[in-house]
Structure formats: C-alpha cells, structure tokens
Amino acid sequence: MTATLTSETSDLSRLRTTADFVKQQDTTTLLSRLLPGLNGQDLKALAERCRFCHAALLVFPSDERTLQATLADLGLLTDAPPQPSVVVRDRLAARHRRHPAELDLSILRPSVSGHDGTRRMVEVFALTVAPGSDLEPIAAHERTHQHEAHVAFQVLQPDPLVVRGLCATFQRYGAMPDGGGYNQHEHGTVLYFTAPAHSTAEYQRIELYAPGDHRDALAAHLAASQAHQPAETLLRLLTGAWTTQALAAFAQLQVPDAMCLDQGVSAEDLARTIGATPENLATLLRYLSMLGAVSEHPSGFRLTELGALLRTHAPGSMRALALMYAGPFYQSFAKLEHTVRTGQVAFEHHFGENHFAHFARDPELAELFDQSMVSGARMFDPIPTHPVLIDAATRPLGATVVDIAGGNGELLGRILTQHPRLSGVLLERPHTIEAARPLLNAAGHTQRCVLHPGDFADVPPDAHVYILSRVLHDWDDDRCREILRHCARAMPDHADLLVIERLLPDDGSNSLATAWDLHMMCNVGGRERRADHYAKLFADAGLTLVDQSPLPLGGSVLHVRKAGTAPAET
C-alpha cells in the first residue's frame with residue numbers, strides 16, 4: 001500500500017469516527033465531561049446559552065475530487081462550496097513556520113443528525129497535499145498530534161456580555177484560553193480553549209463560536225492566551241516598534257492609495273506604481289497582512305478597511321497620525337528612560353525645545369501635526385448633539401460658541417454645520433489660525449465664525465458655550481488651573497464649558513487613556529486624569545463638574561459650569 005493511500009485511509013477512518021461522535025453527543029453531557037466539576041446551576045446556565053454544534057478535524061486530501069469522494073462514501077454531503085480558512089490556516093502557518101499564502105486550506109461543513117434529531121456538523125479543514133509535496137511533513141505531524149481536532153459550541157444569543165460571561169465560566173472550570181480569531185469570510189468570532197488535564201472527553205480543545213464581530217472579547221481572550229506564554233508574549237511586545245514603522249512606511253510610500261479593497265494586485269505591479277523594490281515591498285506587505293492592514297489572496301494583495309485609514313485623502317484618514325508617531329514622537333520616545341529618571345520631558349530633551357515651539361518653526365511639521373489632530377476627529381461625532389449645544393441653538397437671539405485652542409477648526413466647523421443659528425469664535429495661535437481659515441471658508445462658515453488669534457489669556461467674554469477639546473491634558477495641574485481661571489473670568493453665569501478629554505479609569509482597567517498618559521508625559525509634559533481629578537481642578541478655578549458622557553475612541557465630554565449656578569434647562 002502506498003504512503004498516499006495509507007494516509008487517505010487514515011483520513012477516512014478519522015472522518016468516520018468524528019461523524020459518529022457528533023451524532024451521539026448532547027450539550028449537557030459533553031460540557032460536564034469537558035469541564036469536570038461543572039454541574040448544577042452553572043451547567044444549566046451554560047447549556048442554555050450555548051449548544052454543541054460540531055466536531056472538527058484536519059485532513060490532507062491529494063486533491064479536491066478525492067476529498068469529495070471520501071465525504072460522499074461516508075454520507076457526509078454539503079451543498080455549500082468550500083470556504084477559506086483563516087484562523088486554522090494562520091495557526092498552521094505559525095506552527096510550521098510557513099507563510100499563510102502557501103497553505104491552501106478550506107473548510108467544509110457536512111451536516112449530520114444528532115441522536116435527538118438536531119442538526120449538527122462535521123467541520124472538515126482540508127489542506128491539499130499533492131503526492132511528493134513539501135507539505136507532506138506537515139500532514140504527517142498533524143495526523144499524529146491532532147492539534148486542530150476540537151469540539152465546538154455555538155453561542156445562541158451572541159451579546160458581548162454573554163460571550164464574555166461564557167469565556168469566564170470556561171476558565172473558572174479549568175479551561176485555558178488557546179487563541180482564536182475573527183473570520184471575515186463568515187463574519188464569526190472563534191475563541192479556542194484547552195480543556196483541563198483531568199477532562200474525560202475525547203477532545204482536548206474546545207471552540208466557542210460567536211456569530212458576528214466580537215473583537216473586544218477576542219482581544220481579551222488572546223491576551224489571556226498569551227499570558228500563558230510569557231517569552232513569546234514579551235518577544236511580540238518588543239517588536240512593537242517594527243509595527244509603528246511598518247505602518248508609517250506603508251503610509252509614507254502611499255501604498256494604500258495604489259491599492260483596492262476588492263481587487264488584488266501583485267507586489268511587482270504595486271512596486272512599479274509607487275516606485276519601490278518588489279522583493280522588499282512584498283516583505284513589508286506580508287508583515288502588514290499579519291497586522292490586518294492588507295490581506296493576501298491568489299490574485300495578490302488587497303487593502304483592508306483598516307489599511308484604508310492610511311490613504312492620503314480618505315475620510316477619517318489616520319495617515320498624518322502614523323507619520324507623527326513614527327517621526328518626531330518616535331524619536332522622542334527613545335528618551336523615555338530620561339523622562340522617568342529625571343522628570344524632564346523627553347521631547348524637549350531630544351529636540352531642545354517644547355513641541356509647540358518645535359512645530360511652529362517648521363510649517364510642514366506644523367501642518368502634519370494639525371492633520372494628525374484631525375485623525376482623532378471621530379471622537380467629536382456626538383459633540384454637536386450635546387444637550388448644551390442643542391439648548392444654545394434654540395435661543396431666540398442666537399448664541400456664540402468659543403473653541404479655545406481649537407486647532408484647525410474641525411470641531412467648531414462641525415458644530416456650526418449642525419446648528420445654523422449658532423455663531424463661532426476660534427481662539428488659536430496666529431499660524432494655526434491661518435491654517436484653519438481655508439477649511440472654515442470651504443465649509444461656508446466665514447460669516448458666522450470669528451478667527452481670533454491669541455493665547456489662553458485672551459478668551460473672549462460673554463459667550464454662551466466654551467469648549468476646551470484635548471487641551472488640558474497638555475499641561476500640568478498649575479497651568480490647567482490658570483487656563484480654567486481664564487475661562488471662568490470670561491464666562492457669564494449662564495455659560496457652559498465643555499471639556500473633552502480621555503479619562504483614566506477609576507478601577508485601573510485597560511484604557512486608551514492609560515497609553516496616552518505615557519505619551520503626554522514623554523512628549524508634552526502633560527497627563528491624562530481621572531474624572532475626580534478634573535473635578536478638583538474645576539473647583540480650584542471656581543467651576544463645578546455637572547456631568548460627563550462617553551465619546552468614541554475612549555474620550556469623554558465633561559459638562560462644567562461656574563460654581564453656584566444651576567444648569568440651564570433643556
């Protein structure tokens with residue numbers, strides 16, 4: 001008997017065994033065998049929220065026709081065409097140090113009937129291995145070790161809280177997080193676990209499948225997986241600088257502008273378009289495919305929605321931010337140790353001046369910085385509909401909104417577009433005012449917006465709404481009090497102040513604000529703060545915090561009024 005025939009006979013036997021297993025199981029019994037000690041209310045709750053749906057195995061047919069014939073012999077039929085595998089393909093590639101594009105891995109899901117008549121599936125991962133292929137060692141290893149064999153439970157109501165709760169229950173009964181991923185082809189999230197060592201089930205790997213995109217739960221799950229592999233985790237963390245520079249090079253070369261989301265392009269053709277070395281560009285693109293900025297297909301590389309955010313003129317483009325983080329801020333972050341040791345700002349230590357002065361002396365860098373601030377403009381999306389601004393817009397005689405240090409006028413322009421009855425004042429440094437002028441003119445706000453060059457001491461009096469957006473985190477507490485006192489002196493009793501910042505969490509949980517706190521310390525000399533810290537600063541300036549609301553990108557808007565004044569009725 002030839003090696004190929006022997007291997008295919010082995011696959012046939014494993015397929016038959018898997019199909020028989022799927023037919024015989026029920027959810028409650030299988031869960032109790034996989035997770036010893038799970039019983040009572042926890043078992044009942046788990047069985048009500050997820051159901052056994054399939055068992056999976058990886059087979060290695062010599063070609064697709066052979067696989068279809070094998071499945072037919074076992075009565076395992078499916079009308080659906082094979083789907084590309086993403087999660088298992090990537091796991092296989094990492095395990096055997098191959099590039100994912102080398103592995104033609106597909107998924108088929110023939111259905112079978114359970115003992116109770118429920119419809120279940122045998123999930124067949126198929127990697128085509130032609131006779132004599134250099135993939136034969138991979139097939140031999142995988143048949144022996146059965147790394148991808150697992151049982152799966154589908155979440156019945158894939159609410160994010162339910163998904164997190166199920167993950168927590170699995171871990172509480174000894175299951176260890178073991179990777180996962182999001183399959184864009186099927187719009188489903190896969191969370192893998194390793195069963196406890198004392199499990200009595202035939203399978204040692206468990207899949208929790210949640211229809212839809214649950215990447216927040218996935219991120220937490222993957223972090224838990226990596227916690228059990230400290231050396232590998234640390235190595236990945238240490239290469240974070242490569243990620244920053246790879247994304248920036250991608251943007252700087254304007255590669256995203258030359259790519260499509262729905263059509264592949266070869267590295268060679270792309271290199272000719274942008275003027276790059278084909279082999280080196282291919283290396284960069286393969287790395288970026290690991291990050292999700294591009295995807296690799298038989299037709300070539302395609303841009304993803306994530307990568308499209310690095311296009312030059314795309315709505316919400318983050319290209320300028322990538323160039324800033326990989327440029328001047330990257331250089332200054334190399335001096336982080338100096339900041340931690342001495343308390344001095346790393347940016348000033350490296351460049352010899354603070355970042356405001358440094359950018360002001362270089363018009364191109366100043367423009368890039370202003371553009372990078374716009375990259376986070378999605379945080380502003382809910383601001384124009386804040387009750388304070390809606391109330392101001394309904395005043396019979398109109399109202400004025402002052403955006404203090406409002407950059408290029410992005411936020412103020414949105415507010416004026418939303419509320420035609422409002423007037424605006426943009427208070428900024430002279431060179432920034434000139435950059436804002438054409439943008440506000442193009443939006444048609446010239447007649448309703450005064451461009452007021454000046455500093456914090458020049459806050460115009462008697463407006464109805466004042467805005468400090470991402471300003472206070474630039475400064476230490478003493479300077480913040482000074483800025484807030486300038487605002488308080490300018491504000492009439494009926495005025496409102498909206499402060500937009502990222503807030504550090506009260507409970508120490510993971511937050512974008514925690515990362516920005518390090519960034520502000522290193523590059524600006526400022527800091528992020530908790531809400532109660534801001535409340536104290538407001539009180540020191542004669543102001544009071546009325547309430548706060550969450551914003552996208554980890555932001556918050558703090559509603560502030562003069563102390564002793566009641567909030568306006570809305």
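## Close-up views of a predicted model

**Figure 1. The second largest pocket and its lining.** Strand β5 is the biggest contributor to the lining of the second largest pocket, giving five residues. Please keep in mind throughout that this is a predicted model. The second largest pocket holds about 420 Å³ of space. Its lining is made of 26 residues, and the closest to the pocket centre are Cys 53, His 54, Met 121, Gln 154 and Tyr 209. Which elements supply at least two residues each to this lining? They are β1 (50-59), α5 (87-96), β5 (119-127), β8 (188-194) and β9 (205-211). Sorted by class, the lining has eleven nonpolar, six polar and nine charged residues.

**Figure 2. The whole chain, for orientation.** The chain has 25 helices and 18 strands. Its C-alpha atoms fill a box of roughly 90 × 60 × 50 Å along the principal axes. Of the 570 residues in the chain, 46% are buried. Take the contacts between residues at least 6 apart in sequence: 67% of them join residues at least 24 apart.

**Figure 3. The nonpolar cores.** In soluble globular proteins, nonpolar side chains tend to be buried together. Here, the largest nonpolar core has 45 residues. Those with the most contacts inside this core are Leu 34, Leu 35, Val 124, Val 151, Phe 153, Phe 170 and Leu 208. Strand β1 gives the most to this core, with five residues. There is also a second, separate core of 32 residues, which includes Met 259, Val 265, Leu 303 and Phe 347.

**Figure 4. Leu 208 and its contacts.** What does Leu 208 touch, when residues up to four places away in sequence are not counted? The list is Cys 50, Phe 153, Val 155, Leu 166, Cys 167, Phe 170, Thr 189, Val 190, Leu 191 and Phe 193.

**Figure 5. Phe 193 in strand β8.** Phe 193 is placed in strand β8. Is Phe 193 buried or exposed? Its relative accessible area is 0%, so Phe 193 counts as buried. Leaving out residues up to four places away in sequence, Phe 193 touches Cys 167, Phe 170, Gln 171, Ala 175, Met 176, Pro 177, Asp 178, Gln 204, Arg 205, Ile 206, Leu 208 and His 221.

Figure 6. Gln 146 has a phi near 55°, a positive value in a residue other than glycine. Look for Gln 146 in the loop between α6 (136-145) and β6 (150-155). With 28% relative accessibility, Gln 146 is partly exposed. For His 187, phi is near 55°, again a positive value in a residue other than glycine. His 187 sits in the loop between β7 (176-183) and β8. The relative accessible area of His 187 is 45%, so this residue is partly exposed.

**Figure 7. Aromatic rings in pairs.** A pair of aromatic rings is described by the distance of the centres and the angle of the planes. The structure holds 13 aromatic pairs. In one of them, the ring centres of Phe 456 and Trp 475 are 6.2 Å apart and the planes stand at 85°, so this pair is edge-to-face. Phe 456 lies in the loop between β14 (449-453) and β15 (465-469), and Trp 475 in the loop between β15 and α23 (477-490), so the pair ties together parts that are 19 residues apart in sequence. Phe 456 is buried, at 8% relative accessible area, whereas Trp 475 is partly exposed at 22%. Elsewhere, ring pairs link Tyr 325, Phe 329, Phe 347, Phe 351, Phe 359 and Phe 369 into a cluster.

Figure 8. Where is Arg 448? Its place is in the loop between α22 (430-442) and β14. Arg 448 is partly exposed, with 22% relative accessible area. Setting aside neighbours within four places in sequence, Arg 448 is in contact with Leu 416, Thr 417, His 419, Pro 420, Arg 421, Leu 422, Ser 423 and Gly 424. Gly 526 is 78 residues from Arg 448 along the chain, and 33 Å separate their C-alpha atoms.

Notes:
Residues numbered from 1 in each chain as written. Predicted model: local features only at pLDDT ≥ 70, side-chain atom pairs only at ≥ 80, totals over all residues. Heavy atoms only, no water. 1 Å grid on protein atoms, 1.4 Å probe; cavity = no way out; pocket = protein on both sides within 12 Å on 5 of 7 lines; lining within 4 Å. Points joined across faces, edges and corners; volume = space filled by probe spheres on them. Helix = DSSP H or I, 4+ residues; strand = E, 2+ residues; numbered from the N terminus. Nonpolar A, V, L, I, M, F, W, Y, C, P; charged D, E, K, R; others polar. Core = buried A, V, L, I, M, F, W, Y, C linked by side-chain atoms within 4.5 Å. Buried < 20%, exposed > 50% of the residue type's maximum accessible area, 1.4 Å probe, protein only. Contact = heavy atoms within 4.5 Å. Phe/Tyr/Trp six-rings, centres within 6.5 Å; stacked < 30°, edge-to-face > 60°.
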